[in-house]
Amino acid sequence: MPRAAALALLLATATACANDVPEADWSRGLLPGHITEEGNVIQSLWNGAWIAALATGAVVIVLIVWASMFHRKRRAKAELPPQVRYNLPIEMLYTLIPLVMVSVFFFFTARDSERLAQVTGNAPVKVKVEAYQWSWRFTTTVNGKTLPPVSGVPVSEYTKGPQLVLPTKTKVEFDLQSDDVIHSFWVPEFLFKRDVIPGIPENDPGRKFEITTLDRTGVFAGRCAELCGVDHSRMLFSVKLVPQAEFDQYIATQQAGSAQ
Ligand SMILES: [Cu+2]
């Protein structure tokens, strides 16, 4: 009983502190609601993988129960049951079914990761992300014009970290760079994260990825997902999604600020 009470207390406090943790919903298989088109791809791969895993599990459990109920050793007959060694059809089945299953899983995973890694290079908004111990610097280029960079310091609340403003319904390219250690750029609502690895040369496609934002506004938490030192947990930032008109306004104020 005291254990249960302690757990309940822990859960209550954890929930109270975790204001930047997006709400996970059972209908989405416990993923947060996504804000990118790529999120649709990830959500359906996630759902499909769970359905396949649960279906496989159900078949296995039914077979185990069936075998243990109807093929028990009978007391009277002490002899071995019929053996299926060297039974070609059954052995082929043992081999073929797992092969087909793994191929199906592999096909969907490969198809979707290919799609997610695709970089067309024609995104109207490009963001250079520089990760450092322990914050981020975002340099946004819109239609060839570069805005002054936004950078931050370690903070305990994501709203106080550097903020990346992006328009809705727009393709955005990210270019990840680190000059110290490995970090990982993670916005939970992207349903995607990628390691920021030092030493990858500029223009290497391995440091880039693209998203297309959905028509969903708001401020979303971002964090570093690779233990990178003492203030790793305070390497927080936010992504603010605004309608195009508001984004144009933001660009205008940023450019005016940099001209002074
Ligand atoms: Cu980090």
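This is a predicted model: local features need pLDDT of at least 70, side-chain atom pairs count only at pLDDT 80 or more; totals for chains, interfaces and linings use all residues.
Two strands are said to pair if DSSP finds at least two bridges between them.

**Strand 7 and its partners**

Strand 7 spans residues 183–187 and pairs with strand 8, residues 192–196, in the antiparallel sense over five bridges. Within this pairing, Phe 185 has Arg 194 of strand 8 as its bridge partner. The hairpin that strand 7 and strand 8 form has four residues between the strands, and in this hairpin Leu 191 takes a positive phi near 55°. Strand 7 also runs antiparallel to strand 10, residues 218–224, to which two bridges join it; here the bridge partner of Trp 186 is Arg 223 in strand 10. Four of the five residues of strand 7 are buried, so this strand is largely enclosed by the rest of the structure.

**The copper site**

Which atoms coordinate the copper ion? The donors are ND1 of His 183, SG of Cys 224, SG of Cys 228 and SD of Met 235, at 2.1 to 2.6 Å. Seen from the copper ion, the four donor atoms subtend angles of 93 to 125°, and the arrangement is tetrahedral because four donors count as such if all angles lie between 85 and 135 degrees. Along the sequence, the spacing of the donor residues reads H-x40-C-x3-C-x6-M.

**Cavities and a pocket**

Rolling a probe the size of a water molecule over the atoms shows where empty space is left.

| Space | Volume | Lining residues by class |
|---|---|---|
| Largest cavity | about 40 Å³ | five nonpolar, one polar, two charged |
| Second largest cavity | about 30 Å³ | five nonpolar, two polar, no charged |
| Second largest pocket | about 240 Å³ | eight nonpolar, one polar, no charged |

The lining of the largest cavity consists of Thr 36, Glu 38, Leu 116, Phe 190, Phe 192, Phe 209, Glu 210 and Ile 211. Strand 9, residues 208–212, gives the most to this lining, with three residues.

Around the second largest cavity stand Phe 138, Thr 140, Val 150, Gln 163, Leu 164, Val 165 and Tyr 250. Strand 2 (135–142) and strand 5 (163–167) each supply at least two residues of the lining of the second largest cavity, and strand 5 gives the most, with three residues.

The second largest pocket, by contrast in setting, is lined by Thr 56, Val 59, Leu 63, Trp 66, Leu 93, Tyr 94, Ile 97, Pro 98 and Met 101. The elements that give two or more residues to the lining of this pocket are helix 2 (37–70) and helix 3 (88–117). Which helix gives the most to the lining of the second largest pocket? Helix 3 does, with five residues.

Methods:
Residues are numbered from 1 along each chain as its sequence is written. Side-chain values use heavy atoms; hydrogens and water are left out. On a 1 Å grid over the protein atoms alone, a cavity is a set of points where a 1.4 Å probe fits but cannot get out, and a pocket is an open set with protein on both sides within 12 Å along at least five of seven lines; lining residues have an atom within 4 Å of a point. Grid points are joined across faces, edges and corners, and a volume is the space filled by probe spheres set on the points. Ala, Val, Leu, Ile, Met, Phe, Trp, Tyr, Cys and Pro count as nonpolar, Asp, Glu, Lys and Arg as charged, and the others, Gly among them, as polar. Buried means under 20% relative accessible area, exposed over 50%, partly exposed in between (1.4 Å probe, protein chains only). Donors are N, O and S atoms within 2.8 Å of the metal (3.2 Å for Na, K and Ca); water is not among the atoms, so sites may look incomplete. Four donors count as tetrahedral if all angles lie between 85 and 135 degrees; four count as square planar and six as octahedral if opposite donors are over 155 degrees apart and all others between 65 and 115; anything else is irregular.
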